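Please open the structure in a viewer and keep the selection tool at hand.

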Amino acid sequence: MKDFAAIDFETANAERSSVCSVGVVIVRNGQIVDRFYSLIYPQPEYFCYWNTRVHGLVMEDVEDAPDFPEVWAKIEPLIEGLPLVAHNCAFDRSCLRAVFALHHMEYPEYEFLCTYRAAQRARLPLPNSKLDTVAEYCGFSLRNHHHALADAEACAAIALKLL
């Protein structure tokens, strides 16, 4: 697969609608041609200790961030006509559906492909199928894990090798 958009969301709390950052990497003809990252003001508007512990974001980081519809208006033209790829796409797809529903936006039934499942199907000689583990196997050194853009870049690298 040579044309796709790798996407990753981070959430502020246990609600899937609470996206607080997004990273998108656009791949065309097997090459990264664009990257997009934004903080997002989450709904509901609070951060859970456990989520912050994972990604390091707190309410002060997003207090001036745009809301999801404003951010998605910038992403939508970038991903038009492309399948979306995520590592554990069930999570990212559920976040996208939840935040679309929260903002009463019509969900366009994006095609999602999963690098987590692809890694499992490939039966790679790895101790697990976590993003950082599979990315390293595919030759991508994931620094700043759980930063949405870094994770989307790792996902793109995996997709280029496994999908």
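**First stop: His87 and its surroundings**

Select His87 together with the residues it touches: leaving aside residues up to four places away in sequence, these are Asp92, Thr115, Tyr116, Ser129, Lys130, Leu131, Val134, Cys155 and Ile158. The model in view is a predicted one. His87 itself is placed in the loop between strand S4 (84-86) and helix H4 (89-102).

Is His87 buried or exposed? With a relative accessible area of 13%, His87 is buried, since the limit for that class is under 20%. Two backbone nitrogens may now be displayed beside the side chain of His87. That of Tyr116 lies 3.3 Å from a polar atom of this side chain, and the side chain also reaches the backbone nitrogen of Leu131 at 3.4 Å.

**Second stop: helix H7**

One of the residues touched by His87 is Cys155, and Cys155 is among the buried residues of H7. Select residues 148-162, which form helix H7. The end C-alpha atoms of H7 are 21 Å apart, which agrees with the 21 Å that its 15 residues should span at 1.5 Å a residue.

How many of the residues of H7 are buried? The helix is mostly covered, with 12 of its 15 residues buried. They run through Ala148, Leu149, Ala150, Asp151, Ala152, Glu153, Ala154, Cys155, Ala156, Ala157, Ile158 and Ala159. To see what these buried residues pack against, display strands S1, S2, S3 and S4, with helix H5 (115-121) and helix H6 (131-137).

Side chains of opposite charge can pair when their charged atoms come close. The model has two salt bridges.

Glu153 is buried, with a relative accessible area of 19%, whereas Arg35 counts as partly exposed at 45%.

Next, select Glu109 and Arg97, which form a salt bridge whose closest N and O atoms are 3.0 Å apart. Glu109 is in the loop between H4 and strand S5 (112-114), and Arg97 is in helix H4, 12 residues apart. Here Glu109 counts as exposed, at 52% relative accessibility, while Arg97 is partly exposed, at 37%.

Select residues 19-28, strand S2, and residues 31-39, strand S3: the two run antiparallel and are joined by eight bridges. Across this pairing, Ile26 stands opposite Asp34 in S3. Two residues lie between the strands of the hairpin, where Asn29 takes a positive phi near 55 degrees.

Moving on from S3, select Gln43 and Pro44. The peptide bond from Gln43 to Pro44 is cis, with omega near -5 degrees. Pro44 sits in the loop between S3 and helix H1 (49-55).

Select residues 68-79, the 12 residues of helix H3. From first C-alpha to last, H3 reaches 16 Å, close to the 16 Å expected at 1.5 Å a residue. Which residues of H3 are buried? They are Phe68, Val71, Trp72, Ile75 and Ile79. These residues cover an arc of only 95 degrees around the axis, which puts them on the same side of H3. An α-helix has 3.6 residues a turn, so residues three or four places apart point the same way.

The cover over the buried residues of H3 includes strand S1 (4-11), S2, S3, S4 and H4. After the helix comes Gly81, with a positive phi near 80 degrees.

**Last stop: two loop residues**

Arg123, in the loop between H5 and H6, has a positive phi of about 50 degrees although it is not a glycine. Arg123 counts as exposed, at 74% relative accessibility. Asn144 lies in the loop between H6 and H7; not a glycine either, Asn144 has a positive phi of about 65 degrees. At 52% relative accessibility, Asn144 counts as exposed.

Technical notes
Residues numbered from 1 in each chain as written. Predicted model: local features only at pLDDT ≥ 70, side-chain atom pairs only at ≥ 80, totals over all residues. Heavy atoms only, no water. Pairing = 2+ DSSP bridges. Helix = DSSP H or I, 4+ residues; strand = E, 2+ residues; numbered from the N terminus. Buried < 20%, exposed > 50% of the residue type's maximum accessible area, 1.4 Å probe, protein only. Polar contact = N/O pair within 3.5 Å; in protein donor to acceptor, adjacent residues only side chain to side chain. Contact = heavy atoms within 4.5 Å. Expected span 1.5 Å × (residues − 1). Arc of directions from axis to C-beta. Salt bridge = Lys/Arg side-chain N within 4 Å of Asp/Glu carboxyl O.
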